Every structure is written in structure tokens, then in C-alpha cells.
Amino acid sequence: MKTVAIGLRLWIWAGLIRLSKGVVPLARLVQLAHRSPVRGTHACTLEQDLETYLSSKGRFPFRPPSNCLERSLGAYRLLCGVGADPALVIGVNHSPLAGVKGHVWVTAGGRALAEGDEDLSVFTTIATFDAEGRQRLS
């Protein structure tokens, strides 16, 4: 999948999620983002293209949405569509200086896409949604 196509799809989903995330529960947003795999698609190619796109720093639409929930739900949807068996991970971090911070990221093949292990190590996973949209509490 071309980078521009990935970018446009992620930005469309980011807009939809931005409009609904204040009123729709997270579990329902994940169900809405989930999609069944399309036959004949290649998960490996999309994973590589998606990771490249998520790491990009250009201008719209060549850079990913900055909000982690919006970005990750869009990536989760794209990966579900190619049968890549993604997971959406919700984590929190509590620090006396910064307070409580949350973060959302997507994994494929047990590996976080476009996220460094050192960056994620400060977060405690509180929930994970599997490729079928089912929530797994940690």
C-alpha cells in the first residue's frame, strides 16, 4: 500500500475518532475500528509500509496523526484488514512530576510498530484489545 494511501486512511480515521472519542466508550471505538481481513492482501508489506509511515516527520498527509489513540486505532484497523493479528495496547504511567499519563500503541507479531521499547517501558499495560476487538485486562 502506498504511503499516501496509508496516510489518508489514518487521517480519515483520526477525524472520525476525534469526533466520537469523548462520547463513545473505548471498547466500542475498537469494535468500530475492527474490520475483517480482505482476501488477497499482504500483511507483511502493509506492516512495513505502515511502520515507515508512522515514523515519518513530513507535513500532512505525509506524517501520522499526533494523537496516539487516533493514530493507533487507524493503524489497528488497517492491520485487521490484512489479517496481521494486531493488538491495541493501553498503558499508563504515573510520575510525581508529570502526574498520570496514558498512551496507546499498536502491535503486530508481538512487536510495537514505530515505538521504541525504552519509550514504552515506562508504561504499565492496563488493557489490550486483540485482533477480534476483544478486551484483555492486564
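User: How many salt bridges does a search of the whole structure find?

Analyst: The search finds five salt bridges, a salt bridge being a side-chain nitrogen of Lys or Arg within 4 Å of a carboxyl oxygen of Asp or Glu. This is a predicted model, in which local features need pLDDT of at least 70 and side-chain atom pairs count only at pLDDT 80 or more, while totals for chains, interfaces and linings use all residues. Residues are numbered from 1 along each chain as its sequence is written, and side-chain values use heavy atoms, with hydrogens and water left out.

User: What makes Glu70 and Arg18 a salt bridge?

Analyst: The closest N and O atoms of Glu70 and Arg18 are 2.6 Å apart, and the limit is 4 Å, so the pair counts as a salt bridge. Glu70 lies in helix H4 and Arg18 in helix H1, so the bridge ties together parts that are 52 residues apart in sequence; helices here are DSSP runs (H or I, at least four residues), strands likewise (E, at least two), and both are numbered from the N terminus.

User: Why is Glu70 called buried, and why is Arg18 called partly exposed?

Analyst: Buried means under 20% relative accessible area, exposed means over 50%, and partly exposed is in between (1.4 Å probe, protein chains only). Glu70 has 1% relative accessibility, so Glu70 counts as buried, whereas Arg18 has 49% and therefore counts as partly exposed.

User: Why does Asp130 count as buried, and what does Asp130 pair with?

Analyst: Asp130 has 15% relative accessibility, which is under 20%, so Asp130 is buried. Asp130 forms a salt bridge with Arg134, their closest N and O atoms being 2.9 Å apart, and Arg134 is partly exposed because its relative accessible area is 44%.

User: Why is the aromatic pair of Trp105 and Phe123 called tilted?

Analyst: Rings of Phe, Tyr and Trp (its six-membered ring) pair if their centres lie within 6.5 Å, and planes under 30 degrees apart count as stacked, over 60 as edge-to-face and the rest as tilted. Trp105 and Phe123 are 6.2 Å apart from centre to centre, with 50 degrees between the planes, so they are a pair, and a tilted one. Trp105 is in strand E2, and Phe123 is in the loop between helix H5 (117–120) and E4, 18 residues apart.

User: Which residues is Leu50 in contact with, leaving aside its neighbours within four places in sequence?

Analyst: With those neighbours set aside, Leu50 is in contact (heavy atoms within 4.5 Å) with Ile6, Leu10, Ala75, Leu78, Leu79 and Leu113.
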